[in-house]
Amino acid sequence: MGPGGTGPGRRRQQKSKTGVIVAAVLAVVLIAGGGIWFATSGGDGGKEGDAASDAAAAKVVNKVPMPKVNDETVAKGMWTTDKNFVKAGVKEIVGYPLSGGQAEWKIPLDGNLCWSSSYVTKEGQVAVLFENGKDSDPECTQVGVVDVHKGKLLWQKQAVDSWGDTMDFDEVTMGGGTVAAGGTSGGVAWSAEGRQLWAPGEDDQCDDEGYAGSEEKLVVVRECGDADPPALRVQTLDPASGEAKSTYKLPSGPEYVHVASVDPLLIGVDTGDAEPGASVTDFMTIDDSAAQGKLLSKIDILADAYELDCPAVNVDGCTEFALDKGTSTLYLGSDQTPDEQYDVGNKIVAFDLKTGKKTGQSKMEKGVALVPIGLDEKGAVLAYQEATTAGGGGVWRVDPKTFKTEKLLQHPADTAEMEGSFSSDRRLLYTGKKLYLGDDLARRRSADVSGDRPLAVIFGPGS
């Protein structure tokens, strides 16, 4: 993901390397904190949310201080466990108590974080990719597994290609108990214990651009041949051997593929007609139950200007959507200026992934721009409310049957500028009635990064 901007409007504008650019230009904006901030709030559609405002009042539970850096530095990673909030920092990973307070443990690393897997396995493990800090020109060569329950780096490895050169990677994930790292040099995989499972060979016709995974599955995007644009394949693998169990060959055209979900298998592609800088024009659901995968449905992201965030070139890492595996339902946020209105607000829209058809949508809350970030334990959609100049952000719940909205948290008004200053490479987690907002970039103090700008902030119930 590319370097970030600041306010919520700026996030949409500068996704030249990070995601879909579909936000329309707002007529009323205010430049604040180095980015574009929405200048309207409240109104007719907010009655349901307004009624819950007092009960949903939130406070800042904890802040992770911004590290002192001379240049913008990747600090990619954020997770929660039953005991800790875990945040990647500069050359370290740190565990904080959920209730707030000082760090309980720190894991020092040889270099800065380059990438990290997005979920914690049942064993409490995450995969990380970081620089070899011992080199004069550090590259992303070190792959490791971290136990975020114990606060320990279990192992770190590097790999060599068929020429004997140390390989550098673009991303890493865990899938079906396998740690897999990919990039322009190809892919390498290790067992959860650190035993190498496969690596590129001299006669390989395809390169493993990157992987995406879950507890049970591992999916790879492979680039084959010398055509321009390249021939791309999405394969579901046997995590232990790397053998393909299912292969879907994409039609010619797309240069990059992003795997938003492995189960169901949902990919994002750019068909070539996107606006400059956009990375996804369509979502495609693939049936990978047979050796030859087939297309089930397609959702036109570009035509209706749906908002989500996918990295420009990486396979893994799409965010700002919610997916219900049980019902095969995808939830996306609509454009924040529907029908060319100046009121900042949007809808959460549901799609049946088997057909690609819309199945429902929430009512637009005037002045409330919602970003889907996941599901709660009952299958309801959790959405982050973007901060505005009139007040802080918050968290909403959207009922998957009625699409009625309920405000869960309303952040304090005086945190609005801080929330808006987070870069486009932000992460959002809601669990245990708390919202965790973190940045994947550590930035030095500047016009858009004030002295009290944290690397991460936690909001929870309070007055």
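Q: Which residues line the largest cavity?
A: The largest cavity is lined by Glu209, Val221, Glu223, Leu232, Glu255, Tyr256, Val257, Val313 and Val315, where a cavity is a set of points on a 1 Å grid over the protein atoms alone at which a 1.4 Å probe fits but cannot get out, and lining residues have an atom within 4 Å of a point. This is a predicted model, in which local features need pLDDT of at least 70 and side-chain atom pairs count only at pLDDT 80 or more, while totals for chains, interfaces and linings use all residues. Residues are numbered from 1 along each chain as its sequence is written, and side-chain values use heavy atoms, with hydrogens and water left out.

Q: What is the volume of that cavity, and how does its lining divide?
A: The volume of the largest cavity is about 50 Å³, taken as the space filled by probe spheres set on grid points that are joined across faces, edges and corners. Its lining has 6 nonpolar residues, 3 charged ones and no polar ones, with Val, Leu and Tyr counted as nonpolar and Glu as charged.

Q: How many cavities of 30 Å³ or more are there?
A: The structure has 3 of them.

Q: Switching to Asp288, where is that?
A: Asp288 sits in the loop between strand E23 (282–287) and strand E24 (294–300), strands being DSSP runs of E with at least two residues, numbered from the N terminus.

Q: Buried or exposed?
A: Asp288 counts as buried because its relative accessibility is 19%, the limits being under 20% relative accessible area for buried and over 50% for exposed, with partly exposed in between (1.4 Å probe, protein chains only).

Q: What does the side chain of Asp288 make a polar contact with?
A: Its partner is the side chain of Lys217, at 2.7 Å; a polar contact is a pair of N or O atoms within 3.5 Å, one able to donate a hydrogen and the other to accept it. Leaving aside neighbours within four places in sequence, Asp288 is in contact (heavy atoms within 4.5 Å) with residues including Thr236, Ser246 and Val262.

Q: And Ala159, where does that one lie?
A: Ala159 is in the loop between strand E12 (152–157) and strand E13 (171–175), and it is buried, with a relative accessible area of 2%. Beyond its neighbours within four places in sequence, the residues in contact with Ala159 include Phe169, Val188 and Trp190.

Q: For the whole chain, how many residues count as buried?
A: Of its 463 residues, 57% count as buried.

Note on methods. 1 Å grid on protein atoms, 1.4 Å probe; cavity = no way out; pocket = protein on both sides within 12 Å on 5 of 7 lines; lining within 4 Å. Helix = DSSP H or I, 4+ residues; strand = E, 2+ residues; numbered from the N terminus.
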